[in-house]
Amino acid sequence: MKLRQLEIKLQKIQGFPSPSANLEQYMTPAPLAARLLYEAALAGDIEGRKVLDLGCGTGMLSIGAALLGADVTGVDTDEAILAAARKNAEAFGVEIEFIQMHIDDNSSGLSADTVIMNPPFGAQKEHADRPFLDFALRAAPVCYGIFNKGSIPFVEAYTKNKAVITGKTAALLNIPKQFSFHTRENLEIPVEIIRLERIA
């Protein structure tokens, strides 16, 4: 599947019915999700792999990975959102296991070949991305994540002696107006897709 074909398919995924600002529930835009997944697929980290989507929301990255041939498990803390994700997966005809779990749960026991994630940036809760990084590096040897532009020095320092950055791509995250504190109809935030490889 070509990048543009994947993007067009992902645009049909339904978003959050009642998004939570505290949980930073923003739907990953289809172009950004497609870019992450396509790069991961080209690296051999998707097709035929066991993939774990952390903070899966309504299933944008999970469904995309499944369409590209992965065996996918999606994890989110919000059961109502997982219900929406299951409905989206059913509409796409893909089988995905969705699990309700707090990302900071150290006793998850989940493992995968690849983690994909769009973690919270910490706008509402400082350091909200750290449990995602910890969880990802426990669960899989390879992780792809979307981070604020300029986050690479932090990610390098935080994962020192645990993982190395083996890929990075500049991109844009489009956030439509959905909360009362939003002042613009659309806001584009520069981000970076980062590939982390766990140190053996």
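How are H2 and H3 oriented to each other: roughly parallel or oblique? I looked this up in a predicted model, in which local features need pLDDT of at least 70, side-chain atom pairs count only at pLDDT 80 or more, and totals for chains, interfaces and linings use all residues. Residues are numbered from 1 along each chain as its sequence is written, and side-chain values use heavy atoms, with hydrogens and water left out.

**Entry: H2 with H3.** I found that the axes of helix H2 (residues 30-42) and helix H3 (residues 60-67) come within 10 Å and cross at roughly 45°; H2 and H3 are therefore oblique to each other. For the terms, helices (H or I, at least four residues) and strands (E, at least two) are DSSP runs numbered from the N terminus, while axes are lines fitted to C-alpha atoms, for helices over the stretch in contact, with angles from 0 to 180 degrees between N-to-C directions. Angles under 35 degrees count as roughly parallel, over 145 as roughly antiparallel, 65 to 115 as roughly perpendicular and the rest as oblique. The crossing of H2 and H3 is right-handed, that is, the near helix is turned clockwise from the far one by less than a right angle. I noted the contact (heavy atoms within 4.5 Å) as made by Ala-30, Ala-33, Leu-36 and Leu-37 of H2 and by Met-60, Leu-61, Gly-64 and Ala-65 of H3. Seven of these residues are nonpolar, one is polar and none is charged, where Ala, Val, Leu, Ile, Met, Phe, Trp, Tyr, Cys and Pro count as nonpolar, Asp, Glu, Lys and Arg as charged, and the others, Gly among them, as polar.

**Entry: H1 with H2.** I then read off an angle of about 135° between H1 and H2, whose axes are 8 Å apart, and that makes H1 oblique to H2. This crossing of H1 and H2 is right-handed. The H1 side of the contact consists of Leu-3, Leu-6, Glu-7 and Leu-10, and the H2 side of Ala-30, Pro-31, Ala-33, Ala-34, Arg-35, Leu-37 and Tyr-38. By class, I recorded nine nonpolar, no polar and two charged residues.

Entry: Ala-170 is found in strand S6 and is exposed, with a relative accessible area of 68%; buried means under 20%, exposed over 50% and partly exposed in between (1.4 Å probe, protein chains only). Asn-161 lies in the loop between helix H6 (152-158) and S6, is exposed at 66% relative accessible area, and has a positive phi near 70°.

**Entry: the whole chain.** I noted six helices and seven strands, and 48% of the 200 residues count as buried.
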